[in-house]
Amino acid sequence: LQVVSSGAPGTSPTIRVRGIGSYVGGASDPLYVVDGTFFDDIDFLNNEDIESISILKDASASAIYGVRAANGVVLIETKSGKANQKPQVTYNGYQGVQIAQNVVKLSNS
């Protein structure tokens with residue numbers, strides 16, 4: 001499993017499970033399965049919502065998911081509520097301010 005990130009804000013990392021594949025679709029990204037639903041990327045998913053991640057990278061993945069699993073499969077299960085349990089709300093917030101410091105004043109001509 002290789003995870004490569006450019007480090008730029010707002011960009012998603014590149015994930016390679018089995019290296020660069022030969023799937024004719026042109027994409028070498030793995031197949032993401034989030035709670036049983038197929039996705040091409042997981043940019044919409046919050047890290048706090050993930051309960052477990054499993055990686056399938058052998059022939060069994062191809063047998064289950066077909067040619068789309070040629071580059072591997074990432075199985076993701078999200079957190080969910082259970083029967084007869086009180087609701088639980090978790091808040092994780094962030095606030096920031098950006099102000100330039102020590103700005104040199106320049107004169108116009």
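Predicted model: local features only at pLDDT ≥ 70, side-chain atom pairs only at ≥ 80, totals over all residues.
Residues are numbered from 1 along each chain as its sequence is written, and side-chain values use heavy atoms, leaving out hydrogens and water. Local features need pLDDT of at least 70, side-chain atom pairs count only at pLDDT 80 or more, and totals for chains, interfaces and linings use all residues.

**Stop one: threonine 78**

Select residues 73-78, and you have strand 6, with threonine 78 in it (strands are DSSP runs of E, at least two residues, numbered from the N terminus). Threonine 78 counts as buried because its relative accessibility is 17% (buried means under 20% relative accessible area, with a 1.4 Å probe and protein chains only).

**Stop two: the largest pocket**

Next, select Glu48, Lys79, Ser80, Gln88 and Thr90, which lie nearest the centre of the largest pocket. Its lining has 15 residues: 2 nonpolar, 8 polar and 5 charged. Here Asp, Glu, Lys and Arg count as charged, Ala, Val, Leu, Ile, Met, Phe, Trp, Tyr, Cys and Pro as nonpolar, and the others, Gly among them, as polar.

A pocket is an open set of points on a 1 Å grid over the protein atoms alone, where a 1.4 Å probe fits, with protein on both sides within 12 Å along at least five of seven lines; lining residues have an atom within 4 Å of a point.

**Stop three: the second largest pocket**

Finally, select Ser12, Pro13, Tyr32, Ile42 and Asp43, the lining residues nearest the centre of the second largest pocket. By class, this lining has 6 nonpolar, 3 polar and 4 charged residues.

Note on methods
Helix = DSSP H or I, 4+ residues; strand = E, 2+ residues; numbered from the N terminus. Buried < 20%, exposed > 50% of the residue type's maximum accessible area, 1.4 Å probe, protein only.
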